[in-house]
Each structure stands twice: as structure tokens, then as C-alpha cells.
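Me: I would like to learn how to read side-chain features from a model. Can you take me through one, step by step?

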Amino acid sequence: NDAGVDSSMKRVSSFGGTMKRSTSGMSMTSLHSSAEYDSSMRKSGSLGSMKRVASGSSINNIRRALSSGNNLNGLAMSDDKNIIEEDTVVDGAPIAIAPGQQLPSQVNAQQQYDQNAIHTVVEPVDDNTFKQRLLRGVTTIFRSRLLMTIFTYNALYATTTVLLSFQRAELVSNRSSANSVDSDAAFLANINIASSIAVFALQASGLGAFIANSCGLRGTLSLMPTVRLFGVAILAIWHRKAGGKPPNLVLFLVLDEFTKVINFAVAKPVRENLWRGLSNEARYEAKPIVDTLANRWGGGSAAFLMSLVDRTMVYTRVGKELEDGTKSLFGFPPLLILCSVSAVWWAVVSADLGHIRHRIDLELKKQE
């Protein structure tokens with residue numbers, strides 16, 4: 001009966017171990033499948049921005065060394081307990097060994113294993129320096145399709161904003177010859193105050209969150225390029241009907257500030273939600289790079305494209321120069337052409353970004 005009880009206990013234990021292994025295998029399979037879709041979902045063993053400790057291989061070496069020492073101790077304790085005293089010859093001289101007492105050679109071996117275990121301990125590795133964090137963040141971005149798409153999305157938004165800021169500065173400076181620089185700065189400050197109040201009203205009233213929930217993730221991501229493309233189309237129509245004259249300042253500010261209000265009150269919270277469920281490297285090391293470098297990249301690209309188009313028109317004699325000194329390309333200002341192309345590209349990227357994030361959400365639901 002005892003044997004039957006023992007055997008049944010072994011079977012239960014084996015069943016429990018099998019269940020643990022199978023469960024672990026299922027969880028590892030789910031993580032591996034999600035990692036195959038996008039590398040930013042991978043839960044790295046580096047613990048993200050936390051300092052890493054000794055590697056797993058060194059810890060295993062410590063455990064093996066300690067277990068070997070325990071085995072020697074167990075061999076020493078397995079002597080015959082019925083013998084009260086045993087004569088052992090060491091270096092030609094007999095000595096008395098009590099039951100359970102270790103031989104000198106065993107004591108030396110135990111000390112040697114203890115020393116090996118102590119020397120095997122690896123000091124904590126500090127790979128939390130700025131250079132290493134920057135390198136891991138850049139590597140994470142290049143390996144992830146989601147992060148590259150977020151970077152492109154933010155960069156195109158910055159590009160369209162900087163392109164229209166050139167038109168804004170020109171319109172503000174030409175609004176009246178009697179106005180000084182201080183009056184122009186005060187005028188722009190009042191415009192920014194009005195847009196900030198509108199953003200606060202939308203967020204405080206919950207209307208911004210209601211719009212985001214109604215449009216959904218994909219719709220909200222596409223909302224910004226759609227609004228921008230709509231504003232550029234109105235400016236192009238104005239330019240066409242006005243015979244090449246610059247747009248009205250009030251109309252331009254309404255369209256530009258409306259896009260800014262939608263961005264801060266509706267779109268920006270949704271963009272921050274794109275980082276949900278990603279690895280620590282993606283959220284704490286790659287995200288600051290994306291947020292900072294994308295804006296700088298977009299602004300620099302806008303200035304570079306304007307300079308490139310201007311020089312190309314000069315050397316190739318494409319387009320024409322109007323009486324007021326402005327240039328026209330295919331009947332439109334080069335600025336509006338570049339902004340419209342960027343807005344269309346932005347709309348395509350937003351659709352792709354929504355699709356990628358939707359697939360990641362489905363993978364995360366499968367792991368729950």
C-alpha cells in the first residue's frame with residue numbers, strides 16, 4: 001500500500017510538472033509569435049532602463065559549484081553510522097575519524113569549491129549609460145515597423161507645420177507696413193492664447209475624448225492629415241481665384257490653428273496610446289528619440305525641401321517669378337505643392353499605422 005501511495009504521488013507530481021512545462025511552452029509560444037510580428041513587443045531580458053545584474057550563465061555556474069560542494073558534504077556524511085571510530089591513514093600516520101566527520105582531503109575540496117563559487121560571482125554590469133541607452137533605443141526603432149511608422153507620422157506632421165509657418169510669417173509681416181516687430185509678436189501671442197483656450201475647453205468638457213472614441217484609433221490617426229489636406233486645398237483654391245495673391249491672414253490662421261487644436265485635444269492622446277503593450281526598451285529608450293528626433297527631422301526636411309525647390313527652379317528655369325517677387329510652380333506656390341504632397345503621404349502613413357496597431361492589439365488579446 002505504501003508503494004502504491006508513493007507511486008501515485010510520483011504520478012501526480014509528474015502530471016503537475018508536465019502541466020507546468022506545457023503551460024510554460026504555451027506562454028513562450030505566444031510571446032514568440034507576438035515578437036515575430038513586431039520586435040517592439042518583445043519583452044527583453046535587459047529589463048529596459050533598469051540596471052542589469054549578473055548574467056544567467058554566471059548564476060548557473062554558482063549554483064553548480066554550490067551543488068557540487070553539497071554533494072561532497074553528503075558523501076562525507078554517508079559513512080557507516082554504526083562505527084564509533086575509524087582509523088584512517090593520512091600521509092603515513094594513522095588518525096581517528098569520528099562518524100560523520102570529513103576527511104582532510106574532503107575539507108580541502110570543500111574549501112576549493114567554496115572559493116570557486118566566490119570567484120564565479122560577477123559584479124553587476126552597469127549598461128545604463130547614456131551612450132548605451134541611445135544605442136539600444138536607435139536599434140529598437142530600426143528593428144520595429146511600428147516605431148518606424150510612428151517616427152514617419154510625427155515627422156510628416158512637423159514637416160507640414162513648418163512649411164505653413166513660412167507662409168504664416170510672410171502674411172504676418174505683410175499685414176501692415178505700420179506695424180512693428182513687437183506688435184506682430186503680440187498679435188501672434190493673442191492667437192496662441194485663443195487656441196490654447198480652445199484646447200482646454202475641448203479637454204475639460206470631454207468633447208475631445210468623445211471625438212476620439214467616436215472616430216476610433218484608425219479614424220483619429222487619419223483625422224490630422226485629413227484636416228491638414230483640407231486646409232491646404234482651401235488655400236490652393238483661394239490662390240487660384242485670387243489670381244496668385246497670398247491668402248487672407250484671418251483665413252490662414254483659422255485653418256492653421258484649427259489643425260493645432262485638433263492635434264492637442266484629440267489626436268495627441270491617441271498617439272500616446274500607441275506605445276501601450278510595448279517593451280521597456282520601446283517605451284523608455286526609443287520613445288524619447290522618436291518624440292525629439294522626428295520633430296527635428298520634419299522641421300529640417302521642410303527647410304531643406306524649400307531650399308532645394310527654389311534652387312532647382314533657378315537653375316532649370318522651371319516655373320515663373322511673379323511681380324511681387326514670389327515664385328509659382330504649375331500655377332501654385334511651391335510651398336503649397338510641397339505641403340499637399342506631404343499631407344497625402346501623411347494620410348497613407350496614418351492608414352498603415354492604424355493597421356499595424358490594430359494587428360498588435362489582436363496579438364495582445366490572444367495573450368490575455
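Reply: We will go through rings, charges and a surface patch in turn. Keep in mind that this is a predicted model.

Me: How many aromatic pairs does the structure hold?
Reply: The structure holds three aromatic pairs. The angle between ring planes sets the class: over 60 degrees counts as edge-to-face. For Phe 151 and Trp 297 the planes are at 70° and the ring centres 6.3 Å apart, so this pair is edge-to-face.

Me: Which parts of the chain does the pair of Phe 151 and Trp 297 tie together?
Reply: Phe 151 sits in helix H5 (residues 145–173) and Trp 297 in helix H9 (residues 280–316), so the pair ties together parts 146 residues apart in sequence.

Me: Are Phe 151 and Trp 297 buried or exposed?
Reply: Read the relative accessible area: buried means under 20%, exposed over 50%. Phe 151 is at 14%, so it counts as buried. Trp 297 has 53%, so it is exposed.

Me: What kind of aromatic pair do Tyr 157 and Trp 346 form?
Reply: A tilted one, with 5.5 Å centre to centre and 50° between the planes. Tyr 157 is in helix H5 and Trp 346 in helix H10 (residues 334–367), so this pair also links distant parts of the chain, 189 residues apart. Tyr 157 is buried at 15% relative accessible area. Trp 346 is buried too, at 0%. Ring pairs also bring in Tyr 153, which forms a cluster with Tyr 157 and Trp 346.

Me: Which charged end sits over the ring of Tyr 157?
Reply: That of Arg 271, at 5.9 Å from the ring centre.

Me: What does Arg 228 touch?
Reply: Skip residues up to four places away in sequence, and the contacts include Tyr 157, Trp 346, Asp 256 and Thr 259. Arg 228 belongs to helix H7 (residues 207–241). Its relative accessibility is 3%, so Arg 228 counts as buried.

Me: Now salt bridges. How many does the count come to?
Reply: The count comes to 12 salt bridges. Start with Arg 133 and Glu 285, whose closest N and O atoms are 4.0 Å apart. This bridge links distant parts of the chain: Arg 133 is in helix H4 and Glu 285 in helix H9, 152 residues apart. Arg 133 is partly exposed at 25% relative accessibility, while Glu 285 is buried at 4%.

Me: Where do Glu 272 and Lys 268 lie?
Reply: Both are in helix H8, four residues apart, about one turn of the helix. Glu 272 is partly exposed at 36%, and Lys 268 is partly exposed at 33%.

Me: Are Asp 361 and Arg 357 buried or exposed?
Reply: Both are buried. Their side chains meet in a salt bridge, 2.8 Å from N to O. They are four residues apart in helix H10, so about one helical turn separates them. Elsewhere, salt bridges that share partners join Arg 168, Arg 228, Asp 256, Glu 257 and Lys 260 into one network.

Me: Last, the surface. Which residues make the nonpolar patch?
Reply: Phe 130, Leu 134, Val 138, Phe 142 and Met 148 make a patch of about 510 Å². Its largest share, four residues, comes from helix H4 (residues 130–143). Met 148 lies in helix H5, and at 30% relative accessibility Met 148 counts as partly exposed.

Notes:
Residues numbered from 1 in each chain as written. Predicted model: local features only at pLDDT ≥ 70, side-chain atom pairs only at ≥ 80, totals over all residues. Heavy atoms only, no water. Phe/Tyr/Trp six-rings, centres within 6.5 Å; stacked < 30°, edge-to-face > 60°. Helix = DSSP H or I, 4+ residues; strand = E, 2+ residues; numbered from the N terminus. Buried < 20%, exposed > 50% of the residue type's maximum accessible area, 1.4 Å probe, protein only. Lys NZ or Arg CZ within 6 Å of the ring centre and 35° of its normal. Patch = residues over 30% accessible without salt bridge, like charges linked within 9 Å, V, L, I, M, F, W, Y side chains within 5 Å. Areas by Shrake-Rupley, 256 points an atom, 1.4 Å probe, with all protein chains shown as cover. Contact = heavy atoms within 4.5 Å.
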